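Q: Please take me through one part of this structure in detail. I would like to follow the sheet and what surrounds it.

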Amino acid sequence: MGSMECFRIDESGYTGFDLLNREQRFQGATAIAIGDDDAARLIREHFPRLQAPELKYRVLSRRHGNRGRLLALQRDLLSDFKSVTYVCDKRFLLVLMFVDYAVEPFYYERGVNFYADGQNYSLASLLTMVGATVLGSPAFDQLLAAFQRAVKEKTPVALNDLVAAARRTNWRELPEALGPLAVYAAPECITAIATPGVSTDAAMVVLQSLISRMELMSDGPYRVEHDQSKNLLTYHNLIQRFIDHKQVVEFRQSEIATLKFPLKLASVTQVDSTSSQAVQLADVMIGLAIDAANGLTGLRSGGIDPEAVLSQYAENQFIHLVPSIDFDEQRRFRQGNQAAEVIDYFAANFSGSG
């Protein structure tokens, strides 16, 4: 086990099924292949006067004098070690899930491949960016809240409330998106939302992206270590189920992402972050990325320059799920993807408690 490559993981912004949390708009995680010796050396180099037992991004970033050091540390990590950081806009992810479960099944029943060339991403981007303006505010927010609740509770009352919320929007302005619920209360959409295991928890989405990248970066079997936080327990259990899945299958998700089972990932363990300086560096990496996302979107100001953070990443070190209205680019990027198959497969094999 000792010589096997090890990725250290940390997450930020996890709010379970609630993707509308106003305090935490972004969720993400970082995986970095670094050993504790290298981690300790880098911490000594960049923070020689650190007295605390643990390097914590939240604490360090509050002091203006630490910002240059954090950027220099990030630069060294990105240039010398394998890593990937994933950040998603949770509101956009919720809209994407709405399209997956409250829209797509209606079209599938009528023989239309709604995922062809990323149509689902294009529609979700459009809804995220103009939904409140076109469909009415606060009606659009109420629709998203009703959808999130319906997915969680799966009761007839919550499902009926969702249809009612769709009908209260100006749905005629975007009938291709809202019509299935508002006009038809489409049984196939209601059934998809009520399916056991279907959830708005974003941990699965984050992990799919991280693991597909770690699989590419690793030459052979590798392992994962992460902190013992309550949030990471959800990630831990999912990773273990991915490891245990021995069926031979492969999916193309986009121009750069493919996921193939069984994984090269061999084991996952939890460690106390105070005793793992490598895990502490994963905390710094994801902290920087989430702060940059908040800064770029104007949700927070006065922190580290977001452009300075993001400009240090190579293209293959950073994955982001945010709305895009460059529909031609989306179409090219997702051409020939197997989104429908991926969603069905993951719902069947990794959702719920089974």
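A: Start with the sheet. Six strands form an open sheet in the order E7-E4-E1-E2-E3-E8, with mixed pairing. Strand E7 (265–271) and strand E8 (318–321) stand at the edges with a single partner strand each, so one side of each has no neighbour in the sheet. From one strand to the next, the twist averages 20°.

A word on the model and the terms. This is a predicted model, in which local features need pLDDT of at least 70 and side-chain atom pairs count only at pLDDT 80 or more, while totals for chains, interfaces and linings use all residues. Residues are numbered from 1 along each chain as its sequence is written, and side-chain values use heavy atoms, with hydrogens and water left out. Strands (E, at least two residues) and helices (H or I, at least four) are DSSP runs, numbered from the N terminus. Two strands pair if DSSP finds at least two bridges between them. Angles run from 0 to 180 degrees between N-to-C directions, and axes are lines fitted to C-alpha atoms, for helices over the stretch in contact. Contact means heavy atoms within 4.5 Å.

Now look at strand E2 (residues 26–32). Seven of its seven residues are buried (under 20% relative accessible area, with exposed over 50% and partly exposed in between, for a 1.4 Å probe and protein chains only). In a regular strand the side chains alternate between the two faces of the sheet. Phe26, Gly28, Thr30 and Ile32 point one way from E2. Gln27, Ala29 and Ala31 point the other way.

E2 pairs with two strands named here. With strand E1 (residues 5–12), the pairing is antiparallel over five bridges. There, serine 12 stands opposite glycine 28 in E2. With strand E3 (residues 83–89), E2 pairs in the antiparallel sense over seven bridges. Phenylalanine 26 stands opposite aspartate 89 in E3.

E1 also joins strand E4 (residues 222–227). These two run parallel, over five bridges. Arginine 8 has glutamate 225 in E4 as its bridge partner.

Next, the helices. Helix H4 lies across E2, E3 and E8, and runs at about 70° to E3. H4 (90–109) is also one of the helices that the buried residues of H8 pack against. Six of the eight residues of H8 (residues 175–182) are buried, so this helix is largely enclosed by the rest of the structure. The buried ones are Ala177, Leu178, Gly179, Pro180, Leu181 and Ala182.
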